[in-house]
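These are my notebook entries on a predicted model. I set down what I looked up, in the order in which I took it.

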Amino acid sequence: MTPPLVLIVDDVDHGREICAEYLEFRGFRVATAVDGLEALDKAFELLPDVILMDLSLPGIDGWEATRRLKADPRTRDIPVVALTAHALASAHERAKEAGCDSVVTKPCLPRDLEAEVRRQLAGRARVTEGRTGT
Amino acid sequence: MGQLVEVKAQSPPVRSPEAGSTARLELVEALLAESEPRPCAVLVLRWLVRYAGIERGLCAVVESDNGRLAGLAGIGVSPSAVDAFSLALGDTTHPLLVTLTGAEPVAFHSSGHALLRPFETPLGSDSFHAVPLTRRATGGELGPGLLLLTGTDNGPVDADVCWAAELLGVRLTSLWHHRVQMDERRHKRERGWLFGLINAVTDPILLTDADGRILIANAGAELLLTADEEKSEGRRRAVALNNMLFSASLFTAAEGSVPTRKEMLLVDPTEGQDLLFEVLSTPVKIRSGETGVVSVLRDVTDLRRASEQIEENYRKLRAAEAEARAERDRLDLILNSVLDPILVTDPGGNIVLMNPPAERMFTVAAGRRNADAERRVQANDAVFTSFVSNLYAGQSRRWRGELSLLDPETGAAVPMEAISGKVMAKHGEDTASVTILHDLTEAVEKAQLYEQIKRHSEELREKVREATAELAEQNELLRRQAFQLEQASAMKSQFLANVSHELRTPLNAIIGYTHLMLEGVSGDLTHGQRDKLNRVDSNARHLLAIINDLLDITRIESGKMPIQVERLVLAELIDEVMTEVEPLIAGTSLAVSRSLAPLVPEIRTDRQKVKQIVLNLLSNALKFTPHGSVSIAIDYDPGLEEISVAVADSGIGISEENQRTIFEAFGQTDGSYAKRHGGTGLGLSICRRLATILSGRITLESRPGAGSTFTLFLPRRAR
C-alpha cells in the first residue's frame, strides 16, 4: 500500500525542510511547494492526502490558496492543516474561515505535527468510508 | 265657756203699754221705707222702747259668712258694745244659740253672778229676754237673729215685742235676700268684665292652686293648655306636653313667695311650631292658708327671633365694616407700596389723595421747607393741573402723556409718563380722576444700560465665537492625534504580532532541527550530543514561553484581550486543571487535595482565562513546593456574592518584601530558581491582570519557609 502523500507548503526553506525530512523519516511520501501558486498546481496535479499550509506566503497566501482548494471539487475533501507563526487568536479564526481543517501554531515539535497529520488522515478515512458506504 | 241659766218663758207675756194698730202701722211703714238692716233694727228697738216698755235692747243677727252671731244695733247700749258682741255659731250648746234655733222668747237671769261669766251681756243687766226674730220653728236651723231686751220684768214677753221681732226678722231676711241677689248679679257682671278683661289679654294668663291645678285660665292659656276629646290627636298631645312643661316650671315657681321670671319652650297646639314664652309667675293667696300662682305667659318667640335677627344684622354690619376697613387698608397698602406716584383729583382739579411717591413730588416736607423746593413744587403742580385738565377738555375717559417735573429737593429734571383716568359714578357723572405717573429716568437709564449690555454681549459673543473656533481647531487636532494614536496603537499591535511571528519562525527552526536530531532523523547521537541538544530544546521552549507571555501582557495592556463570558461550574474547571497537571504531580511526592464548599453557585465569566489563572497558580505551587502538600479550596461568600479559589502550599514561602513585587513582570523572587523550573517570571503578572479584567483579584498570604496561599476572588458575574 502506498504511503500517504503530504504536500508541504512553506516559503521558508528550513520550515519546509524540517517537515519534509521528518515526515519522510516517519514513512510518508512528501511533496513541497514554496508559494500559493505552486501549492495549487501541485495539489491539483498530485491530489495529496494531506496539505500542510503555511499561511504567510508570497503571492497567493495560505488563506487564499486554501479557499481555492476548498472551492474546487477535486481538492475539496483534502484536509488542510494550517501552519502559522501567528499566535493571535484572530489568525486562527481567519484560517478556519478560509476552510482549514485545523491550525497548528509554530513553533511546533515535528512529533506533534506528525500526530496532527495522522489525525487528519484518520478523519478523512472515516469520511471516505462513510461515503463509500452510501 | 260660761253658763247662762235658762229660765223658761212664762205666760202671760211681759206686761207693757199696749201698742195700738196705728203704732204698728207706723212701724211697718217705717221699716218698708228703710232699705238698710241697721236702721231697720234701730227703728224696731226704738219702737219697742216707746211702746213695749223696753229699757235697753240689742239686735244680733246671724252672719253665716263669718259663722258668727254678731251685734247689729242697740238701744241704751254703747256702739262699741254692739260691735263687741259676737258669738261663734259653732258653739251650739250656748244658751243663746239654742234660743236662736227655737221660735220662742227665752228669759235669762243669773242665779249667781258666776253664771254669766265670762259672758257679759252688753245690756249691763243679769236678767234679759232673748227673742228670736222669727216665730216659725226653724227645725234646728238657725233663725235670722235675736233681740236681747231688758226692762220687761221676768214675766212673759209682751205680744208687741214678739210681733216687732218677727217683723224685723221678716224685713231683715227680705233685705238680705235682696242684697244677696244684688250682690250675685253684680258679681256675675264683674266676673263677666273680668273674664272679658283677661281674655282680651292675648298673653295666656292662668291661676293655679298649690297642686298646679288650673283654677282660672284665659282664652290664650286654654288654647295652650286645654283640649277636650273632640280636638285632634296631635293637638291633644301638644297640650299634654305643654301641661307637663308648664307644671314642671310651676313646681319651681311655687317654692318662693316672690314673682319669678323664666323662659319656657311650649308647642303651639294648632300650628305645631315651638313657641318661646317668658313666664312671669306671682304667688298669690287664694284662700286662707292656701297659696296659688298667677302665671302670665308672654310669647317672646318673635321677639327672640327679632332680637336674634338684630344681633345677626349687627354682626353682619360689623363684619362688613371690618371688611371695608380691611379693604381700605389693603388699598392704602397697595397705593403706598406702588413706587410710581399716584394722585386722585376731584373734578375741580384739586388733589384729594396722594401716595408717598406722589407726596415727594408735589409737597414740601415740613423739615425741608425752602424757597427753591416751594417753587419747584408749584411748578410741578401747575404742570400736573394742566395735564389733568386735558382729561376734562376731551370726551375720552383716559389721557396719556409725558410730563417734565422737577425733583423738589434736587431740582433735577424728572421725565414722567402719566396716565389719567376718570372715575365715573353709577350715573356717569365724574367723581374723580386718578393719575399714575411713571418715572422715565430709570427707563432712559435702562435703555442706555441695555445698549451697554448689548454691546458687551456682542463682544462676548465674538469672543465665544473665537474661542469656539479655537476649540474646534484644538478638537480637530486632538481628533487627528487620537487617530494617530489609534494608528500607532494598531501599528504597535501589528508590530508585536510581527515580532512574535518573526521570533517564532527561527525558533521553529531551532526546535524543529533539535528534534529531528533527537529523534534520530540524522542518525544516532552520542550521549553528550543528546545531552546538549536537550539543553538547546529546553532553552528554546523557555524562549517560546516568554514570547507567549509577553504577547499576553501586551494584549491585556492594550485592551485587546478578548473576553468570552460563559457559564462556569468551578468544580468542573478544577477537575480539568487537575487532569492537566497530573504529569506534574506524578513527578513529585506532594499530597495534593481539593475541597469544595457546599452551595457554590455557577458563575458567569471567561472560562479560558480562569483556567489559565488556576493552572498557573497550581503549577507554581507544585513547582515551588519541594515536599509537603498543596491544596485547592473553593468557597463562596453569599454576602459579597464572591467566589474564591485558594491555592495553598507548604512550600518555600515568599518574604514580605518580595510579596510586593511578585505580581510585577519578571518579579519572581529568584530568577535562577524560576528558570530552573521553567518559569518565565511573567505568570503571576499575567494572572493578576487577567483577574482584574474579569472584575476579580488575587491575594497572597505567605511567610518564608511556611508556605504560600494565593487566592483568586471572582464575582458571580464578570462585568
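Entry: I looked up the accessibility of A:L47 and found 45% relative accessibility; since buried requires under 20% and exposed over 50%, A:L47 counts as partly exposed. I then checked the backbone of A:L47, whose phi is positive at about 45° although the residue is not a glycine. I placed A:L47 in the loop of chain A that runs between helix 2 (36-46) and strand 3 (50-54).

In chain B I noted a positive phi for B:E641, near 55°, again in a residue other than glycine. The loop that holds B:E641 lies between strand 21 (629-637) and strand 22 (642-649) of chain B. I recorded 42% relative accessibility for B:E641, so B:E641 counts as partly exposed.

Entry: a cis peptide bond. I asked where the chain carries the cis bond from A:K106 to A:P107. I found A:P107 in the loop between strand 5 (102-105) and helix 5 (110-133) of chain A. The omega of the bond from A:K106 to A:P107 is near 0°.

Entry: strand 1 of chain A. Is strand 1 (residues 5-9) of chain A enclosed or open to the outside? I found five of its five residues buried, so strand 1 of chain A is largely enclosed by the rest of the structure.

Entry: I examined helix 1 (residues 13-25) of chain A against helix 11 (residues 440-518) of chain B; their axes come within 9 Å and cross at roughly 25°. The crossing of helix 1 of chain A past helix 11 of chain B is left-handed.

Which residues make this contact? From helix 1 of chain A I listed A:H14, A:E17, A:I18, A:E21 and A:Y22. From helix 11 of chain B I listed B:T505, B:N508, B:A509, B:G512, B:Y513 and B:L516. I sorted the residues of this contact into five nonpolar, four polar and two charged.

Definitions and conventions. Residues are numbered from 1 along each chain as its sequence is written. Chains are lettered from A and ligands numbered from 1 in the order in which they are written. This is a predicted model: local features need pLDDT of at least 70, side-chain atom pairs count only at pLDDT 80 or more; totals for chains, interfaces and linings use all residues. Side-chain values use heavy atoms; hydrogens and water are left out. Axes are lines fitted to C-alpha atoms, for helices over the stretch in contact, and angles run from 0 to 180 degrees between N-to-C directions. Helices (H or I, at least four residues) and strands (E, at least two) are DSSP runs, numbered from the N terminus. A crossing is left-handed if the near helix is turned anticlockwise from the far one by less than a right angle, and right-handed if clockwise. Contact means heavy atoms within 4.5 Å. Ala, Val, Leu, Ile, Met, Phe, Trp, Tyr, Cys and Pro count as nonpolar, Asp, Glu, Lys and Arg as charged, and the others, Gly among them, as polar. Buried means under 20% relative accessible area, exposed over 50%, partly exposed in between (1.4 Å probe, protein chains only).
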